[in-house]
Amino acid sequence: MPSRLAEISRELAAACDRIDASSVAAFTYNPLVYARAPHELYLERFGRGKKEALWLGMNPGPFGMAQTGVPFGDVGMVRDFLGISGPVGRPPSEHPKRPVEGFACKKSEVSGTRLWGYMKDRYGSAEAMAERFFVVNYCPLVFMTESGSNLTPDKVPKPLAARIEAACDTALRAIVAELKPSWVIGVGAFAQKQAQRALAGQDIRIGTVLHPSPASPHANRGWAPAAQKQLDALGLG
C-alpha cells in the first residue's frame, strides 16, 4: 500500500497530466509518472515522520529530477548520497537535445550538487538530514521550448499558471498536513511566493534561501555559506 506522500504524488501526477501546456511549451515532462519508482523510494525513505522544515523548490531541472525523479536530483548525489536508484521510463515525447537517460545520464545538475552537497557536508548522512528536513518541488513538470531551453513556471502565461497552481497548491497543502513542518523554506523567491499564497492563514512560518542555480551570480560566489547565513537568521542553522 502506498504511503500518504506517494498517494499525494500520484494525485498530483494525474492532475498535471490533465494540464495542456502545448500553447507555450513544445515538450512537457512529468517525472512523477515515468520516474515513479525512484521518486516513491525517495518519499518512502526520507518522507516519514514530522519535519522541522520543508524545503520547497520550483520545478525539475532537465539533468536533475527529470532524470532521477528526485528534487534537485543530480544523478551522482541521488545515487551516492541519498542511496537511491531505480528504473526510469521515458516521457511520451522527448526533445532530441534533452533525452531522459535516467541514472545513465552523464550530465550533472549544479543546483542539485550544491543543495545535496550542503546537506552532506552539514549532516554527514541523508538519514541525519531527514530527521530535520525534507525537500520537494512545488511543480513537478518540466516545460521546454522548441529550442530545448527550460521554461520555468514563473514564466508561463497566467491562464496556464492558474491551472498549475490549482494542482500544485492542493499537493503542497496535503504534504504540509502530512509532515507538519514548522517552516517551509522556499528555495528561491518563486517558491517562497507560492508557499505564502498556498498556505495563507495556516500556522506555519515561511522563509527563503538563495536558489543554488548557476544562473545566479550570488550562488556562484558561494551558495552554501550564503544559504547557511540565511538559515541561521531564521533559527534553522
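Reader: How much space lies in the second largest pocket?

Author: The model is predicted, so keep that in mind throughout. The general idea comes first. Rolling a probe the size of a water molecule over the atoms shows where empty space is left. Here, about 220 Å³ of space lies in the second largest pocket.

Reader: Which residues lie nearest the centre of the second largest pocket?

Author: Asp17, Thr28, Tyr29, Asn30 and Pro92. The lining has 15 residues. S1 gives the most, with 3 residues.

Reader: How many nonpolar, polar and charged residues are in that lining?

Author: The second largest pocket is lined by 10 nonpolar, 3 polar and 2 charged residues.

Reader: Now the largest pocket. How much space lies there?

Author: About 460 Å³. Its lining has 19 residues, and Gly61, Ser111, Asn150, His211 and Ser213 are the closest to its centre. By class, the lining of the largest pocket holds 8 nonpolar, 10 polar and 1 charged residues.

Reader: Next, cavities. How many of 30 Å³ or more does the structure hold?

Author: A cavity is a space where the probe fits but cannot get out, whereas a pocket is open. The structure holds 1 cavity of 30 Å³ or more. About 210 Å³ of space lies in the largest cavity. Its lining counts 21 residues, with Leu12, His39, Val136, Asn137 and Ile175 the closest to the centre.

Reader: Which elements give two or more residues to the cavity lining?

Author: Four elements do: helix H1 (4-17), helix H3 (36-46), strand S3 (133-137) and helix H8 (158-179). By class, the lining of the largest cavity has 18 nonpolar and 3 polar residues, with no charged ones.

Reader: H1 and H8 both line the cavity. At what angle do H1 and H8 pack?

Author: Again, the idea first. Two packed helices are described by the angle between their axes and the distance between the axes. H1 and H8 pack at about 175 degrees, with their axes 10 Å apart. Angles over 145 degrees count as roughly antiparallel. H1 and H8 are therefore roughly antiparallel to each other.

Reader: Which residues meet in the contact of H1 with H8?

Author: From H1, Arg4, Leu5, Ile8, Leu12 and Ala15. From H8, Ala167, Cys168, Ala171, Ala174, Ile175, Glu178 and Leu179. The contact divides into 10 nonpolar, no polar and 2 charged residues.

Reader: One more pair. At what angle do the axes of H6 and H11 cross?

Author: Helix H6 (residues 110-123) and helix H11 (residues 223-234) cross at roughly 70 degrees, and their axes come within 10 Å. The band from 65 to 115 degrees counts as roughly perpendicular. H6 and H11 are therefore roughly perpendicular to each other. H6 passes H11 in a right-handed crossing.

Reader: Which residues in H6 and H11 meet?

Author: Arg114, Leu115, Tyr118 and Arg122 in H6 meet Trp223, Ala224, Gln228 and Leu231 in H11. By class, this contact has 5 nonpolar, 1 polar and 2 charged residues.

How values were computed: Residues are numbered from 1 along each chain as its sequence is written. This is a predicted model: local features need pLDDT of at least 70, side-chain atom pairs count only at pLDDT 80 or more; totals for chains, interfaces and linings use all residues. Side-chain values use heavy atoms; hydrogens and water are left out. On a 1 Å grid over the protein atoms alone, a cavity is a set of points where a 1.4 Å probe fits but cannot get out, and a pocket is an open set with protein on both sides within 12 Å along at least five of seven lines; lining residues have an atom within 4 Å of a point. Grid points are joined across faces, edges and corners, and a volume is the space filled by probe spheres set on the points. Ala, Val, Leu, Ile, Met, Phe, Trp, Tyr, Cys and Pro count as nonpolar, Asp, Glu, Lys and Arg as charged, and the others, Gly among them, as polar. Axes are lines fitted to C-alpha atoms, for helices over the stretch in contact, and angles run from 0 to 180 degrees between N-to-C directions. Angles under 35 degrees count as roughly parallel, over 145 as roughly antiparallel, 65 to 115 as roughly perpendicular and the rest as oblique. A crossing is left-handed if the near helix is turned anticlockwise from the far one by less than a right angle, and right-handed if clockwise. Contact means heavy atoms within 4.5 Å.
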